[in-house]
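This briefing walks through a protein model, topic by topic, for a reader who is new to reading structures. Please keep the sequence and the 3D view at hand while going through the points.

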Amino acid sequence: MARTGRPKAELILSDDERSALEEWIRRGSTPQAWALRCRIILACASGATNKEVAAQTGSAAHTVGRWRARFVAHRIAGLGDLPRPGGPRTVTDAQVAEVITTTLESKPADATHWSTRGMAEHSGLSQSTISRIWRTFGLAPHRAETFKLSTDPYFIEKLHDVVGLYLDPPERALVFCVDEKSQIQALNRSQPVLPMMPGIPQRLTHDYVRAGTTTLFAALEVTTGKVIGSLHRRHRASEFRTFLTRLDREVPAELDVHLVLDNYATHKTPAIKTWLVAHPRFHLHFTPTGSSWLNLVERWFAELTTKKIRRGVHTSVPALEADIRDWIAGWNNNPKPFAWTKTADEILERLARYLKQ
């Protein structure tokens, strides 16, 4: 006798349940995890096996079986947290759905987002109940993430160009990530810094005295992680040309030079274009507009800021510049390259998933 496997729980939807599940899937603001569970239940209700539903929804068969069984036992409420021991439920599915819909699709009159107290007052439920509902469905109105999508019409082409340099650099050439960190301030605290002691962190005054600014031009060599830096008091095309001249002097003459840089105006002036014509071994690769995350030197600037500048105390610009030069020298004694791992196609796929959320 052939084995038939574990019998699956029979799942039949009422008209109201089917309508609610379909509405959750259609609504763009529905959390992806909740929408997936709704799709699983609708597919199960069509008579498909767990393996067939798993293939349709991109889930594992045991995952489908779990949500099928929980829906049969607890209906729509079973798609959230497992039922807990205790007294009978006092909050209905309709109330839960109303809280979720209100959270996702409206704002309170006196604030930019809902709080547990505000939602409790609006819905008539307790604050702890609102907290449990939000945790169950992964809602956090108090949190917000920032993003910026490039509007560059050649975003895809530039992405492939830059990532291709990182993952497959050309032979007999060096690839540098170049940028300027402008307006680095020499800041002196208004009172002496109090050193760290056991149980007490270092203490600095919140106010400071400005002593001037400097600009750091930096080129991060992608393969080795070494940095060529140059400090200037101004931030113009002439300073950038001076920096290019230094790169030309320090890179062996038999190697081509590929520079990854942003679209700042000083990188495209007639003087710079004339200099590039006279130095044909230099090749510029521009990152897409609004995509500074593609330039690895920005990651190095973050190291510099965290470890030297943010908590530094400098009474003058020369003192600040000396500190920066010493830090670059120390970095180059033991450079740490930043490894790029994502292909351009993987980045585009992730971006597409983000836009569908």
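**Salt bridges, sheet and cores**

A search of the whole structure, which is a predicted model, finds nine salt bridges.

**Charged pairs in and around helix H9**

- The side chains of Arg246 and Glu250 come together in a salt bridge, with 2.7 Å from N to O.
- Both of these residues belong to helix H9 (residues 237–250), and because Arg246 and Glu250 are four residues apart there, about one helical turn separates them.
- In general, an α-helix has 3.6 residues a turn, so residues three or four places apart point the same way.
- Arg246 counts as partly exposed because its relative accessibility is 26%, and Glu250 is likewise classed as partly exposed, with a relative accessible area of 40%.
- Asp248 forms a salt bridge with Arg281, and the closest N and O atoms of this pair are 2.8 Å apart.
- Asp248 lies in helix H9, whereas Arg281 lies in the loop between helix H10 (270–278) and strand S5 (282–286), so this pair ties together parts that are 33 residues apart in sequence.
- Asp248 is partly exposed, with a relative accessible area of 24%, while Arg281 is buried, with a relative accessible area of 14%.

**Charged pairs in helix H11**

- Lys307 and Glu303 meet through their side chains in a salt bridge, at 2.9 Å from N to O.
- These two residues are separated by about one helical turn, because Lys307 and Glu303 are four residues apart in helix H11.
- Lys307 counts as exposed at 56% relative accessibility, whereas Glu303 counts as buried at 14%.

- As a general point, strands of a sheet pair through backbone hydrogen bonds, either parallel or antiparallel.
- S1 pairs with strand S4 (residues 256–261) in the parallel sense over five bridges, and within this pairing Leu174 stands opposite Val257 in S4.
- S1 pairs with S2 in the antiparallel sense over eleven bridges; in S2, Leu220 is the bridge partner of Cys177, and Glu221 is the bridge partner of Phe176.

**The nonpolar cores**

- The largest nonpolar core has 34 residues, and those with the most contacts inside it are Tyr166, Cys177, Leu216, Leu296 and Trp300.
- Among the elements that each supply at least two residues of this core are helix H8 (155–167), strand S1 (173–189), strand S2 (208–221) and helix H11 (297–309).
- Another core, of 32 residues, lies apart from the largest one, and includes Val53, Val91, Met119 and Trp134.
- In soluble globular proteins, nonpolar side chains tend to be buried together.
- Leaving aside its neighbours within four places in sequence, Cys177 is in contact with several residues, including Tyr166, Ala218, Val260 and Leu296.

**Buried and exposed positions**

- In H11, the buried residues are Val297, Trp300, Phe301, Glu303, Leu304, Thr305 and Ile309, and what covers the buried residues of this helix includes S1, S2, S3 and H12.
- Thr305, which is found in helix H11, is buried, with a relative accessible area of 16%.
- Not counting residues up to four places away in sequence, Thr305 touches Lys181 and Arg310.
- Is Glu121, at 70% relative accessibility, buried or exposed? Glu121 counts as exposed because its relative accessibility of 70% is over the 50% cut-off for that class.
- Glu121 lies in helix H6 (residues 116–123), and its C-alpha atom is separated by 28 Å from that of His74, a residue 47 residues apart from Glu121 along the chain.

Notes. Residues are numbered from 1 along each chain as its sequence is written. This is a predicted model: local features need pLDDT of at least 70, side-chain atom pairs count only at pLDDT 80 or more; totals for chains, interfaces and linings use all residues. Side-chain values use heavy atoms; hydrogens and water are left out. A nonpolar core is a set of buried Ala, Val, Leu, Ile, Met, Phe, Trp, Tyr and Cys residues joined through side-chain atoms within 4.5 Å. Buried means under 20% relative accessible area, exposed over 50%, partly exposed in between (1.4 Å probe, protein chains only). Contact means heavy atoms within 4.5 Å. A salt bridge is a side-chain nitrogen of Lys or Arg within 4 Å of a carboxyl oxygen of Asp or Glu. Two strands pair if DSSP finds at least two bridges between them.
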